[in-house]
There are 2 protein chains.
Amino acid sequence: MPALGIDLGGTKLSAAVICDQRLVTDVKQRPTPSGPDKIVEAILDLLAEFKQEHVLVGVGIATAGIVKVDTGEVIGSTGNLPGWEGTPIRKIIERKTMLPVHVENDANASAYGEFTASDLKGKYCLVVVTLGTGIGVGIIIDGKLFRGSHWAAGECGHIKISMENRRLCTCGLFDCWEAYGSGRGLLTTGKELIAGVKPEQSKLAELGDSLTNQAIIEAVENGDLLAQKAFTMWHEHICAGLINLAHTLDPDCFVLTGGMEQFVDYPLLRELVSDRCLPRIAEKMEIRGSVLGKNGGMVGAAELVLDRIAADA
Amino acid sequence: MPALGIDLGGTKLSAAVICDQRLVTDVKQRPTPSGPDKIVEAILDLLAEFKQEHVLVGVGIATAGIVKVDTGEVIGSTGNLPGWEGTPIRKIIERKTMLPVHVENDANASAYGEFTASDLKGKYCLVVVTLGTGIGVGIIIDGKLFRGSHWAAGECGHIKISMENRRLCTCGLFDCWEAYGSGRGLLTTGKELIAGVKPEQSKLAELGDSLTNQAIIEAVENGDLLAQKAFTMWHEHICAGLINLAHTLDPDCFVLTGGMEQFVDYPLLRELVSDRCLPRIAEKMEIRGSVLGKNGGMVGAAELVLDRIAADA
């Protein structure tokens, strides 16, 4: 049974038809329009396009923000989607299409995608960490997404990894994990390190305010010591959040995904985590990369609506 | 149906008969003997004493250390119970008594006790934090203890709340939550603060190496500024771990228990947590004290064996 999987991020809206935990069409993509009405319109347009060639049984939507899953309403939004909070997206799309719709937080959808599409399906506890501009976490326990008491479990981007109150997060709190371990975090670390450094000491310093993560990664490969320092610190920062989750949840496996995942040095990260974790927990815990990459949210959201259709049948 | 609840800690072995989530006898207590054989002997002695006056249907044992609950074996021990690791305690006691036995980590048992004995029974997610010499955590999700993939969930005493690598924990890792937020943590903070302070500046400084938490608490009440600083820092340290758990699990409620709980200033702690937590999570999350106090482990362990008896019936 094919369902449409939609991933709504702050910059891009993506959709593809999903069947048996994989994409059976190309991904159609457009820039995320501004404001809830235009987002809904864009989702309906994409749906209409796919319906011309496919019989769809449902629609799964992965969206940034906190989602009240039983009603499919966005109850907490991110700064990336202004005005999106309060939108009863499930009700709107169901009314317009007469199809079952499931709406899920994007990190959760991504986690469910990785769970269903990989060999981890039999595992008891799985934690999927999306390393992008920020950090999102989805937790699977005993085959189901764990969403907490108020739909906000996995807001682990905002666990506090330091008591120094040194780095402000976009949420307004200090020293959140995502202020250090995300793409934005790596860039901040890079900028802190080049401050006061002369261009002749490090090529990275020449870039000043126009420093990018891409430049840091390239400089690491070219042996720039400052870039390597930033890169190692970034891994220590990723590690800081992972070990907190490890001691809380004792999972079988961490899966890393998101736009920054491609840059992770797994042997380095595993060594750091293993050094900073109780052996009883670290020795049986796996850390690996995603199988679905940027398609995780679409696959997971589609699988979730298909699960609901199967449960209702 | 009455069951015996036993709580095995590093210094004391306690037992009482439990019926309907409460004690129906006085607590019998003795010092924890040294070595597994003598501990088993002491447990059997206590059992024999209670059996003279009560018909018991099962035995629940709460113990320090990590417990493989399906077999009732202690697979990870604390320094407080040397030689205890590897003891198949359930099998031993079942053979000797012919009664069903359930063995559980003490923080987990305590959490289950609080859950069953309070008005929190209908709640989806509950986190019980035992503030004693160390810190233990028990997590209840959807009516059941969450034990992780390798029986070690809730080892949150070892989540890392700082990146400074400043304070060594008894586990060998740096900056673990319990190195700051436990009784031992408060005492360390107090000792750090009085270092180099003259007795005429603070009465606390007179005590030097013989400083105790009791002395700190008394000095707080007497308006000693140094003691008040230590006390506030201790609350900030407790808060640091709570907000990590809040952003991960989004629970309905934190329940605090353990020997140090009596000293917690709840209005102060709630204010700190609410300042450092995403509003979406903080505003609906309760923080309260335990209903069972030091009896939580016994009640929870007994309830767990009664649950198993009911499930097997």
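In this predicted model, the crossing of α5(A) and α8(A) is right-handed. Helix α5 covers residues 183-194 of chain A and helix α8 covers residues 225-249 of chain A, and the two pack with axes 9 Å apart at an angle of about 140°. That angle makes α5(A) oblique to α8(A), because an angle must be over 145 degrees to count as roughly antiparallel. On the α5(A) side, the contact is formed by Gly185(A), Leu186(A), Thr189(A), Gly190(A), Leu193(A) and Ile194(A). Facing them from α8(A) are Leu226(A), Lys229(A), Ala230(A), Met233(A), Trp234(A) and His237(A). Sorted by class, this contact of α5(A) with α8(A) holds seven nonpolar, four polar and one charged residues.

From α3(B), the residues making the contact are Asp106(B), Ala109(B), Ser110(B), Ala111(B), Tyr112(B), Gly113(B), Glu114(B), Thr116(B) and Ala117(B). From α11(B) come Gly296(B), Gly297(B), Val299(B), Gly300(B), Ala301(B), Glu303(B) and Leu304(B). The class count for α3(B) with α11(B) is seven nonpolar, six polar and three charged residues.

In soluble globular proteins, nonpolar side chains tend to be buried together. The largest nonpolar core of the model has 192 residues, and those with the most contacts inside it are Ile6(A), Ile140(A) and Ile6(B). For Ile6(A), the partners beyond its neighbours within four places in sequence are Ala15(A), Ile43(A), Leu46(A), Val59(A), Gly60(A), Ile61(A), Ala62(A), Met298(A) and Ala301(A).

The two chains also meet each other. Chain B and chain A each put 36 residues into their contact. On the side of chain B that touches chain A, the elements giving two or more residues are α8 (225-249) and α10 (279-282) of chain B. Of these, α8(B) gives the most, with seven residues. By class, the side of chain B that touches chain A comprises 20 nonpolar, nine polar and seven charged residues.

Several loop positions of chain B are worth a look in the viewer. Most residues other than glycine have a negative phi. Met98(B), although not a glycine, has a positive phi of about 60°. Met98(B) sits in the loop between α2 (89-97) and β8 (101-105) of chain B, and it counts as exposed, with 7 C-beta neighbours inside 10 Å. Asp142(B) is likewise not a glycine and has a positive phi of about 55°. The loop that holds Asp142(B) runs between β10 (135-141) and β11 of chain B. Asp142(B) counts as exposed because it has 12 C-beta neighbours inside 10 Å, and a residue with 12 or fewer falls in that class.

Gly172(B) belongs to the loop between β11 (144-145) and α4 (178-181) of chain B. With 10 other C-beta atoms within 10 Å, Gly172(B) is exposed. Between Gly172(B) and Gly86(B) there are 21 Å in space, C-alpha to C-alpha, and the two are 86 residues apart in sequence.

Notes. Residues numbered from 1 in each chain as written. Chains lettered and ligands numbered in written order. Predicted model: local features only at pLDDT ≥ 70, side-chain atom pairs only at ≥ 80, totals over all residues. Core = buried A, V, L, I, M, F, W, Y, C linked by C-beta atoms within 7 Å. Buried ≥ 20, exposed ≤ 12 C-beta atoms within 10 Å, placed from the backbone. Contact = placed C-beta atoms within 7 Å. Axes fitted to C-alpha atoms, helices over the stretch in contact; angles between N-to-C directions. Helix = DSSP H or I, 4+ residues; strand = E, 2+ residues; numbered from the N terminus. Parallel < 35°, antiparallel > 145°, perpendicular 65-115°, else oblique. Left-handed = near helix turned anticlockwise from the far one by under 90°. Nonpolar A, V, L, I, M, F, W, Y, C, P; charged D, E, K, R; others polar.
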